[in-house]
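Dear colleague,

I am handing over the structure below, and after it you will find my notes on a few places in it. Please read them with the model open beside you.

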Amino acid sequence: QVQLLESGGGLVQTGESLRLSCEVSGSIFRINVMGWYRRPPGKQRELVASIRSGTTNYADSVKGRFTISRHNAKNTVYLQMNSLKPEDTAVYYCNAVDDKPYWGQGTQVTVSS
């Protein structure tokens, strides 16, 4: 089993930055992919960014603004979000995959215009 604990959400203004953290515990040695997803108000959950063996992948809407990174010694995955826009407002979820997906509880990010 894998447990994920997100933190770092909040309310910011357009153009500001936030860093989300996801602390991973449990059977982490089998995890091969980690990522961040988000669910905007009234919409379905979508992939924001993922990282596998150091290779990163981003949604087009966040390329150049968001950065995903993994600190193995701290068992933590980060999502640095810069130049935030109102359309980035969503609940952000941490995700980890070994032979099945695991999800965190979500953290709210609200960007005011």
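Leaving out residues up to four places away in sequence, Asn 95 touches Leu 4, Val 33, Met 34, Gly 35, Tyr 37, Pro 101, Tyr 102 and Trp 103, where contact means heavy atoms within 4.5 Å. This is a predicted model, in which local features need pLDDT of at least 70 and side-chain atom pairs count only at pLDDT 80 or more, while totals for chains, interfaces and linings use all residues. Residues are numbered from 1 along each chain as its sequence is written, and side-chain values use heavy atoms, with hydrogens and water left out.

Asn 95 counts as buried because its relative accessibility is 5% (buried is under 20% relative accessible area, exposed over 50%, and partly exposed in between, with a 1.4 Å probe and protein chains only). A polar atom of the Asn 95 side chain lies 3.3 Å from the backbone oxygen of Tyr 102.

Asn 95 belongs to strand β9, residues 90–97 (strands are DSSP runs of E, at least two residues, numbered from the N terminus). Strand β9 pairs with β11 in the antiparallel sense over 3 bridges, pairing being called when DSSP finds at least two bridges between two strands, and Val 91 has Gln 108 as its bridge partner in β11. Strand β2, residues 10–13, pairs with β11 in the parallel sense over 4 bridges, and there the partner of Leu 11 is Thr 110.

Gly 54, by contrast, sits in the loop between β5 and β6 and counts as exposed because its relative accessibility is 63%.

Technical notes:
A polar contact is a pair of N or O atoms within 3.5 Å; within protein, one must be able to donate a hydrogen and the other to accept it, and residues adjacent in sequence count only if both atoms are side-chain atoms.
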